[in-house]
Amino acid sequence: MNMQQLFDQARNGQVDELNLISLEGGIYLLEAHQAGQRRLLVDDAGATLHLRSVEHARDLLQGLPSVPFYLLHTVVHTEMCGLSDGPQQPLRVPIALQSTWMSDD
């Protein structure tokens with residue numbers, strides 16, 4: 001799914017939620033959920049869209065109709081030795097689509 005498709009489908013109420021997935025190395029991926037399916041956003045060349053930050057995502061999503069938006073942090077200790085083998089869930093935090101930073105303009 002590219003950005004234009006995301007905006008079109010969000011306007012039609014077809015996007016259930018967005019997840020901004022935080023990966024090691026300061027990389028963020030944007031994932032749209034639709035009718036039980038997950039789709040990563042891609043750039044114009046069809047490659048997975050890599051974002052730099054939450055604010056970068058918010059800039060790209062300006063004008064998007066309101067949908068639930070979550071920041072997901074992967075569970076780092078699942079790659080470490082000696083810790084629980086049980087199922088681990090990523091940290092999932094709701095965030096706003098709009099920035100709360102105020103300008104002095």
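Reply: Two strands pair if DSSP finds at least two bridges between them. Strands themselves are DSSP runs of E with at least two residues, helices are runs of H or I with at least four, and both are numbered from the N terminus. As a case, the bridge partner of L71 in β6 is V93. This is a predicted model, in which local features need pLDDT of at least 70, side-chain atom pairs count only at pLDDT 80 or more, and totals for chains, interfaces and linings use all residues. Residues are numbered from 1 along each chain as its sequence is written, and side-chain values use heavy atoms, with hydrogens and water left out.

Me: In which sense do β5 and β6 run, and how many bridges join them?

Reply: They run antiparallel and are joined by 4 bridges. On the β1 side the sense is parallel: β1 and β5 pair over 5 bridges. There, L20 has L71 of β5 as its bridge partner.

Me: What pairs with β2?

Reply: β1 and β2 run antiparallel, with 7 bridges between them; L23 is partnered by I27 of β2. Strand β3 (residues 37–40) also pairs with β2 in the antiparallel sense, over 4 bridges, and Q34 has Q37 as its partner in β3.

Me: Which residues in the turns have a positive phi?

Reply: The hairpin of β1 and β2 has 3 residues between the strands, and G25 there takes a positive phi near 95°. The hairpin of β2 and β3 has 2 residues between the strands, with A35 in the turn at a positive phi of about 45°.

Me: How do I read burial for a whole strand?

Reply: Count residues by relative accessible area: under 20% is buried, over 50% is exposed, and in between is partly exposed (1.4 Å probe, protein chains only). In β2, 7 of the 8 residues are buried, so the strand is largely enclosed by the rest of the structure. For β5 the count is 4 of the 5 residues, so it too is largely enclosed.

Me: What makes a set of buried residues a core?

Reply: In soluble globular proteins, nonpolar side chains tend to be buried together. A nonpolar core is a set of buried Ala, Val, Leu, Ile, Met, Phe, Trp, Tyr and Cys residues joined through side-chain atoms within 4.5 Å. The largest one here has 22 residues, of which L6, L18, L20, L61 and L64 touch the most other members. At least two residues each come from α1 (3–11), β1 (17–23), β2 (27–34), α2 (54–60) and β5 (69–73). The element giving the most is α1, with 4 residues.

Me: Which residues does L20 touch?

Reply: Contact means heavy atoms within 4.5 Å. Leaving aside residues up to four places away in sequence, L20 touches Y28, L29, L30, L51, S53, V54, A57, F69, Y70, L71 and L72.

Me: How many salt bridges does a search of the whole structure find?

Reply: A salt bridge is a side-chain nitrogen of Lys or Arg within 4 Å of a carboxyl oxygen of Asp or Glu. The search finds 3. One is between R92 and E17, with the closest N and O atoms 2.5 Å apart. R92 lies in strand β6 (residues 91–94) and E17 in strand β1, so the pair ties together parts that are 75 residues apart in sequence. R92 is partly exposed at 40% relative accessible area, whereas E17 is buried at 16%.

Me: What about pairs within a helix?

Reply: D8 and R11 meet at 3.2 Å, N to O. Both lie in α1, 3 residues apart, about one turn of the helix. D8 is partly exposed at 33%, and R11 is exposed at 52%. In α2, E55 and R58 have the corresponding spacing of 3 residues, about one turn, and their closest N and O atoms are 2.6 Å apart. E55 is partly exposed at 26%.

Me: Is R58 buried or exposed, and what else does its side chain reach?

Reply: R58 is buried, at 13% relative accessibility. Its side chain reaches the backbone oxygen of A96 at 2.8 Å. This is a polar contact, meaning a pair of N or O atoms within 3.5 Å; within protein, one must be able to donate a hydrogen and the other to accept it, and residues adjacent in sequence count only if both atoms are side-chain atoms. Not counting residues up to four places away in sequence, R58 touches I95, A96, L97, Q98 and S99.
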